[in-house]
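I opened a new notebook page for this protein. My plan was to go from single residues to the whole fold.

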Amino acid sequence: MIPIPKYLDKHVTLIRSKDNTILLSFHCDCGSDKFTVAKNVFNRSERALLKPYYDSIKNSLSRYGSYCTLDDEGKLHHWKRLSDDRNDVIEVFLLPEPDFATVTVLKAKCSGCGKEHILFDNRSNGYDAMTSDEHKGMDYIPHFNHYSKKEYALEIKIENDETFEIFKKNTGIDCSEEFYSDAFSWIIIYGIDEDGKRRKLFEFETA
């Protein structure tokens, strides 16, 4: 069985395990298993900061073709064709991506005691977060809209390499089992409403 991620361990119960996945039920410290959920959003000023970056990406694209090259120093260059002539190309320059641009956080609020729980934060949970040296956006404080109107019982599905030894072999990383548990490759969060209807609330590939 793959391990339960360490950051979730105190608040989940194993439902079932199969191959390289586990399914977990989530509960609060108070014992409640009903939650409302919220995903982070960008506010107006952040959207304004993102627009020039996305505009530069849009400008780099061409219906005739776009591509990238690496120079001898390992620097990435972006090019786009201006016509059907393969030699009719110009270099385009992308603006730096704001640190907060790729931050994704999902949290839950207990309907019993009101405590908030982080279900997933891509800056600290999952394979890329565990193996990255950059940790971009760690000082960024996410914004959230209102919690969902519906209350849900939550189930979390985790996918990881099937064993600790396979993980080390596939990644080449000499690490602890705790590291392996938090370096999972996929997470899906389901909500079960009061009528027993199950829906996918969130999905994220972390690698």
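**Two loop residues, then the fold**

I began with Glu194, which I found in the loop between strand 11 and strand 12 (198–205). I kept in mind that this is a predicted model.

Is Glu194 buried or exposed? I looked up its relative accessibility and got 76%. The cut-off for exposed is over 50%, so Glu194 counts as exposed.

Glu151 is 43 residues from Glu194 in sequence. Their C-alpha atoms are separated by 7.4 Å.

Next I went to Asp19. I located Asp19 in the loop between strand 1 (12–18) and strand 2. Its phi is near 50 degrees, a positive value in a residue other than glycine. Asp19 has a relative accessible area of 52%, so I logged it as exposed.

**Core**

Which residues have the most contacts inside the largest nonpolar core? I listed Phe26, Leu119, Leu154, Ile156, Ile158, Ile187 and Ile189. This core has 28 residues.

I noted a second, separate core of 6 residues. It includes Phe100, Val103, Val105 and Tyr140.

I went back to Ile189 for its contacts, leaving out residues up to four places away in sequence.

**Whole protein**

I counted 4 helices and 12 strands in the protein. The radius of gyration came out at 21 Å. A compact globule of 207 residues would have one near 17 Å. The C-alpha atoms fill a box of roughly 65 × 45 × 30 Å along the principal axes.

How many of the 207 residues are buried? I have 37% in my notes. The accessible surface comes to about 12,700 Å², and carbon and sulfur atoms hold 49% of that.

I also looked at contacts between residues at least 6 apart in sequence. Of these, 58% join residues at least 24 apart.

I recorded 29 positive and 36 negative side chains. The centres of the two sets lie 8 Å apart.

Conventions
Residues are numbered from 1 along each chain as its sequence is written. This is a predicted model: local features need pLDDT of at least 70, side-chain atom pairs count only at pLDDT 80 or more; totals for chains, interfaces and linings use all residues. Side-chain values use heavy atoms; hydrogens and water are left out. The radius of gyration is taken over C-alpha atoms; the globule rule is 2.2 Å times the number of residues to the power 0.38. Buried means under 20% relative accessible area, exposed over 50%, partly exposed in between (1.4 Å probe, protein chains only). Contact means heavy atoms within 4.5 Å. Accessible areas come from the Shrake-Rupley method with a 1.4 Å probe; for residues, only the protein chains shown count as cover. Lys and Arg count as positive and Asp and Glu as negative; His and the chain ends are not counted. The place of a charge is taken as NZ of Lys, CZ of Arg, CG of Asp or CD of Glu. A nonpolar core is a set of buried Ala, Val, Leu, Ile, Met, Phe, Trp, Tyr and Cys residues joined through side-chain atoms within 4.5 Å.
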